Amino acid sequence: MSARLRRSARRPWLVGASLAVVALVLLPLAFLFLQSANSGWSHVWRLLWRHLTLTLLWNTVQLAVVVTVASAVVGTGAAWATERTRLPARRALAALVVLPVAIPDFVVASGWVSLFPSLHGLPGASIVLTLGLYPLVYLPVAASLRSSDAAQEEVARSLGLGPWRTFFRVTLHQVRVALLGGCLLVALYLLAEFGAFSILRFQTFTTEIYAEILVGFDPAAGAALSLVLVVLGIAVLAGEWAAGSGSQGSRAGLASTRPRSTARSRLGRAKLPLLAAVGILVALGVGVPVGAIVYWLVAEQRTTLPGAASLASAAWHTFSYSAVAAALASVIALPVAILSVRRRSRLALALERAGMLVQAIPGLVVAFALVYFSVRYARFAYQSAALLVVGYSVMFFPLALVAVRASLARVPPRLEEIGRSLGLRPTLVLVRVTVPLVLPGLLAGFFLVFLTATTELAATLLLVPNGVQTLATQFWADSAELAYGAAAPFAAVMLAVAVVPTYLLSRWFDRLPSRRARPA
Amino acid sequence: MRPAGTRKATVRVAAATILASLLGLAGLAGLLGLAAVAAAAPRTGRVTITLYNGQHPETTDALVAAFEKKTGIRVLVRNGDEDQLGDQIVEEGGSSPADVFYSENSPVLEDLQSHGLLAEVWTSTLAEVPRRYDSPDGDWVGVSARVSGFVYNTRLLSRSQLPRSVLDLASPRYAGKLGLAPTETDFQPVVMAVERAVGHARALRWLEALDRNAGSHVYPDNETLTAAVNSGQVAIGVIDNYYWYRLRYDLGASHMRSAFAYFAPRDAGYVVDVSGAAVLRSSRHRRAAEELLGFLVSRRGEEILAHSQSYEYPLGSGVKTAQPIRPFDELRPDPLTIAELGDGHAALALLQEAQLL
């Protein structure tokens, strides 16, 4: 105890900042406990003690396992293809492959259902959710591949390892932290997902929570039921821990600071099949929802399209709220990530794990938590733009944390130690050494939060300033009336808002190695 | 005993935590304060009220535009699901930013009233609407109504296969043909009416049979259910009439593969749902808020509803719908009253007991 405390006391600011950040992020969890105390427990028990609960929990667990495994395979495969091979048109494909995360799940689900009306249940939900969520694996894994050295793979190949074994024993090992982090996000996200399931007629435990809050006028019971999801979330976190991210960290020494090898696999005969695979992925993940949007625009009888002014205003609000929230989330993720990767004390890891839990709480419940606290303790800020931004960064904090942590784990601590030994103050080490090195992770985090926030609906409906519409609320308002023709432009703009940063980011990623290779 | 070094370390970490939190809070407060000041800055000298709108946004927008033009009062609209907005108002308690709440159904209004959050409606406003469609306590006013029945796919079911009563839908002959939207608020009045007609035990068995007949055909709302019947995913479903008319308006008559029909007169599946509006007790612009309520049920307001594509029945000022749906005074619904429907909790409990929710 004393040794650990003394160790953390060496960086009181880091620990202090992390504690403050995690306290903020855990506000929704505090709300669950406060509300459970208020709710009639007999009512909650009666709801839990039903055959239906078992069915719903089983549905939830099945789906979480299937989609997490599928996303891991698809996401890692796509990242390898765009980062480690000479895939034709890989720059464009790298940008397209990320896009599904920026398409609201209800758009994706509606698109699939209008194509295949009989799609439903576990198979339907698995397909649609995997195609929507694999970017959560792809982005951290690609960032990790980008900042790790391909020379290790070349060495493995030169020592006679075949391509498959090189992939499994070297490449996969390099990206393990990022891969597990991505899987963690997917699994936690699934616990709390709602929008797509209601369209795909697949009921999970979260469906029950929504019904309790919306049909039953009982947010307290909804909060109490959410505790079950938190327990599942803890199980997922423990699973990830057991799967080995506990032994993470860079053992690469100084190797990865050399100008990294930019060698990419020549694909040879595998080129066309791989191109086809990535092409199909993009066609299914982006093509289907985009096709649906175009179809709605063209086929709808009622052509009361929204005015340009309302589109522009909704786009501007969506863009500015999401961008500020993404920046905030990335910044507050930094101390927690540094603490968990560099300190590795029990406190540091507990803080990091706790910070992830918010992802397992349904958006509607988080939204009510924010209403609860702001109405009581920050009434002046209630339904202000600033509160919505803070809400987004709390909700999507785990996305930023995983991205930053994965990137930091690839940076050898010796670089920071050298900085300190050269007499740099800790803050300067942070600014001049750590931050530049984790920039890809910070950007990936910014990007993930930004794209996810542009499609957020539940909290936006409750917290957006009165009289303001975002793209998501406007799409919801129109599609709730089945006026898909009027809703489609908002979905289209949502995509357009996402395409530009996606493209810029992939360009930036592409130039990264050459920039780093320049002599300082 | 803990060594001095540990204590010192603890103090330093604690001090840093508090400092970091304070700095964070100060920054946050500054940001929020700035936003609040910007938001509060008066844009015009006009009175501005806030409307929490749980009704279909398109119709509400038309009503609000006409009201603003007539009175000069500015209305900020917050759209949302009526139940979500109701919960939000309860959470906001005495400091709700909302002045007026406009809902699609009566149970959520009754729920707010039971929390003591609604102000009395001007008697002149209540007088415009038949008493049985207003709040029994005078705390909200009925604005429009719909009626329940069923939609069926005309290629999958012939006329002779149609049910006479909503109770018939429990029959095995609708197995695999029935679609259900148990979370849809419009379904609750039907459940209440069935329970009133046949008692708790039989109502429960009826719901369980519906669940069996529906199988995996469980939809999130009536809009989706109606579209599913029309596209042939499923053959029949219980809905309010206006969903079918709206779908026809959206798709065009040539794309309709379905029809809407009523159950037998006074059947439990033949129920009138009321959409209403209320002024919040916490409103600081009560006069302007009451004026909006008065406008909604005035001839001018109800005429907008009557000619809109919402396909609801206007309730105020004797206005009749201009749409080609069965006239309101020719309906023969179950005599379920708003007070009997209450806040819908009895229906909810029954749905939960049947494990449909």
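**Questions on chains A and B**

Trainee: Is A:V294 buried or exposed?
Mentor: This is a predicted model. A:V294 counts as exposed, because it has 12 C-beta neighbours inside 10 Å, and a residue with 12 or fewer is classed that way.

Trainee: Where does A:V294 sit?
Mentor: A:V294 belongs to helix 15 of chain A, which covers residues 271–299.

Trainee: Let us look at strand 8 of chain B; why is it described as largely enclosed?
Mentor: Strand 8 of chain B, residues 272–279, has 8 of its 8 residues buried, so the rest of the structure largely encloses it.

Trainee: Which residues are on each side of strand 8 of chain B?
Mentor: One side carries B:V272, B:V274, B:G276 and B:A278, and the other carries B:D273, B:S275, B:A277 and B:V279. Both faces are covered, as all of these residues are buried. In a regular strand, side chains alternate between the two faces of the sheet.

Trainee: Which strands pair with strand 8 of chain B?
Mentor: Strand 3 of chain B, residues 100–102, pairs with it in the antiparallel sense over 3 bridges. There, B:Y102 stands opposite B:A277. Strand 4 of chain B, residues 141–153, also runs antiparallel to strand 8 and is joined to it by 6 bridges. In that pairing, B:G142 has B:G276 as its bridge partner.

Trainee: What does B:F101 contact beyond its neighbours within four places in sequence?
Mentor: Its contacts are B:Y52, B:L85, B:I89, B:L112, B:A277, B:A278 and B:L280. B:F101 is also one of the residues that touch the most other members of the largest nonpolar core, together with A:A400, A:V449 and B:V100. That core has 290 residues, and helix 16 of chain A gives the most to it, with 16 residues.

Trainee: Back to chain A: at what angle do helix 11 and helix 20 pack?
Mentor: Helix 11 (residues 176–192) and helix 20 (residues 397–409) of chain A pack at about 170 degrees, with their axes 9 Å apart. That makes the two helices roughly antiparallel.

Trainee: What kinds of residues form their contact?
Mentor: The contact residues divide into 10 nonpolar, 2 polar and 1 charged. Among them are A:L184 and A:L188 of helix 11 and A:V402 and A:R405 of helix 20.

Definitions and conventions
Residues numbered from 1 in each chain as written. Chains lettered and ligands numbered in written order. Predicted model: local features only at pLDDT ≥ 70, side-chain atom pairs only at ≥ 80, totals over all residues. Axes fitted to C-alpha atoms, helices over the stretch in contact; angles between N-to-C directions. Helix = DSSP H or I, 4+ residues; strand = E, 2+ residues; numbered from the N terminus. Parallel < 35°, antiparallel > 145°, perpendicular 65-115°, else oblique. Contact = placed C-beta atoms within 7 Å. Nonpolar A, V, L, I, M, F, W, Y, C, P; charged D, E, K, R; others polar. Buried ≥ 20, exposed ≤ 12 C-beta atoms within 10 Å, placed from the backbone. Core = buried A, V, L, I, M, F, W, Y, C linked by C-beta atoms within 7 Å. Pairing = 2+ DSSP bridges.
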